[in-house]
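Welcome, and take a moment to turn the model around before reading on.

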Amino acid sequence: MKKLLYLVMVMALFFTTAMPAFAESQSKPNGPWIQPGQETKLERFMDPEDLHKKLEQIEDRAREGRMELEVVGHSARDEYPIYVAKFGEADTDNPKVFLQTQIHGDEQGGTEAAIDLIQQLATSNNQDIRTILDNVTVWIVPMLNPDGAQIIEREEGQAKQRRNFQEWTPEEWGLSADAPAPWYHGTDWASGELGYDVNRDFHPDLSFELNEENTDLLPGVGSEPGFFVSPEARASRDVFEELQPDLFIDHHHRYSNTVSEDDDRLNTLQLIAQVVDEDNVVSYDGQDYQVSEESLELSKQVNSYVYQALQKGNSPFGAVSRYPDVNLPGTALGSYSMNDAAIMLYETRGQQHPNGHTGQKSSGMLIKQSYIGLYETLLGLANGEVFEVDPAFYDNEIPTDSPSIGRPNN
Ligand SMILES: [Zn+2]
């Protein structure tokens with residue numbers, strides 16, 4: 001009851017301005033589509049410079065001893081710092097959470113939500129925030145791909161890009177010049193420049209390095225691990241190795257779906273607790289990597305808990321479904337889930353459209369949805385409620401097979 005009251009209060013606070021947009025989205029899939037010709041302003045989302053300023057401001061105002069802000073790496077082209085905001089120690093018996101956003105540079109809402117969360121954790125004296133800080137360690141990497149997060153001006157409109165900006169450099173790894181690039185290296189739709197999809201660049205062996213001995217693994221395929229060739233993936237990997245989290249959350253965006261065959265509400269969020277099959281064993285350098293039963297159970301509890309939290313009261317965020325089944329050991333989620341971390345893919349609607357549009361009207365609401373889901377996860381781990389969830393809820397109750405829908409204006 002207390003939780004319900006809390007949610008209602010949070011929503012009352014957040015929704016005073018966004019009301020009309022979400023009222024429309026309750027019915028048929030006629031949600032807050034952007035209109036033809038309507039300008040999209042990506043300036044309203046943080047770029048790498050804004051993030052830097054914002055984090056410094058928060059650090060200045062943080063309560064004594066709460067937050068440590070560190071640089072864990074630099075982006076491939078422009079060498080922007082990649083930050084981690086640390087709340088709590090790695091050496092603890094408390095549950096440990098690693099939250100990462102914007103591995104895809106055009107998926108900016110997660111970073112906005114993460115900054116709001118960092119600010120609350122650093123500065124608020126609210127009882128629930130103190131409960132989280134006392135009972136959970138949480139390390140947050142906002143904007144893992146800062147190069148991709150920069151605005152690109154195009155004839156079709158502004159854009160940010162999914163990939164990083166990086167050439168394939170076989171000589172860097174002591175390979176011959178004709179060694180094929182990893183399969184996930186290519187041209188980004190936004191800039192026309194070469195880069196990696198950083199979210200395919202992970203290997204379950206966290207110490208993996210490309211060299212002459214393993215060059216036969218190139219170019220690889222989607223159902224196999226990646227190669228840790230991007231500094232962005234290596235920065236994430238370093239945070240994972242230092243923290244050894246119980247739970248890894250990766251925030252992404254997606255295009256539009258309805259909830260399920262039987263529920264035609266516009267889907268605002270898809271979750272998934274598993275991105276690698278249980279019987280998929282990756283053997284490398286004398287080690288076997290596989291999803292463990294224990295971490296999979298916690299993954300299902302966390303995903304179910306968030307689903308349930310978003311259904312409460314008159315929540316405008318109830319249109320949640322499961323992400324389609326995938327088998328991707330080369331993603332951050334995949335690789336980390338094969339290293340005993342529970343996982344949650346938190347994929348909100350609001351992907352930028354390749355012709356330069358983004359669902360501007362609804363983006364504020366979607367950032368709030370992210371904030372609430374992430375906040376509830378931390379609170380549920382802190383007060384132990386997550387561990388009481390029946391993991392079977394995940395398999396039995398969260399809607400699956402969301403049909404994709406086209407944009408009615410196009
Ligand atoms: Zn993504």
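How many residues does helix 3 have, and how far does helix 3 reach from its first C-alpha to its last? Helix 3 covers residues 109-123, which makes 15 residues, and spans 21 Å, close to the 21 Å expected at 1.5 Å a residue. That expected span is 1.5 Å times one less than the number of residues. Helices here are DSSP runs of H or I with at least four residues, and strands are runs of E with at least two, both numbered from the N terminus.

Before going further, please note that this is a predicted model, in which local features need pLDDT of at least 70 and side-chain atom pairs count only at pLDDT 80 or more, while totals for chains, interfaces and linings use all residues. Residues are numbered from 1 along each chain as its sequence is written, and side-chain values use heavy atoms, leaving out hydrogens and water.

Is helix 3 mostly covered or mostly open? Of its 15 residues, 13 are buried, where buried means under 20% relative accessible area, exposed means over 50%, and partly exposed lies in between (1.4 Å probe, protein chains only).

Now for the charges. Side chains of opposite charge can pair when their charged atoms come close. The structure holds twelve salt bridges, each a side-chain nitrogen of Lys or Arg within 4 Å of a carboxyl oxygen of Asp or Glu.

One of them joins Glu 107 and Arg 162, at 4.0 Å from N to O. Glu 107 sits in the loop between strand 3 and helix 3, and Arg 162 in the loop between strand 6 and strand 7, so this pair ties together parts 55 residues apart in sequence. Glu 107 is buried, at 2% relative accessible area, whereas Arg 162 is partly exposed at 26%.

Arg 162 also forms a salt bridge with Asp 197, with the closest N and O atoms 3.3 Å apart. Asp 197 lies in the loop between strand 8 and helix 5, 35 residues from Arg 162, and is buried at 7%.

Another salt bridge pairs Glu 347 with Arg 254, at 2.8 Å between the closest N and O atoms. Because Glu 347 belongs to strand 16 and Arg 254 to strand 9, the pair ties together parts 93 residues apart in sequence. Glu 347 is buried at 7%, and Arg 254 is buried at 13%.

Finally, look at helix 6 (residues 293-311), where Glu 293 is found. Glu 293 is exposed, with a relative accessible area of 73%.
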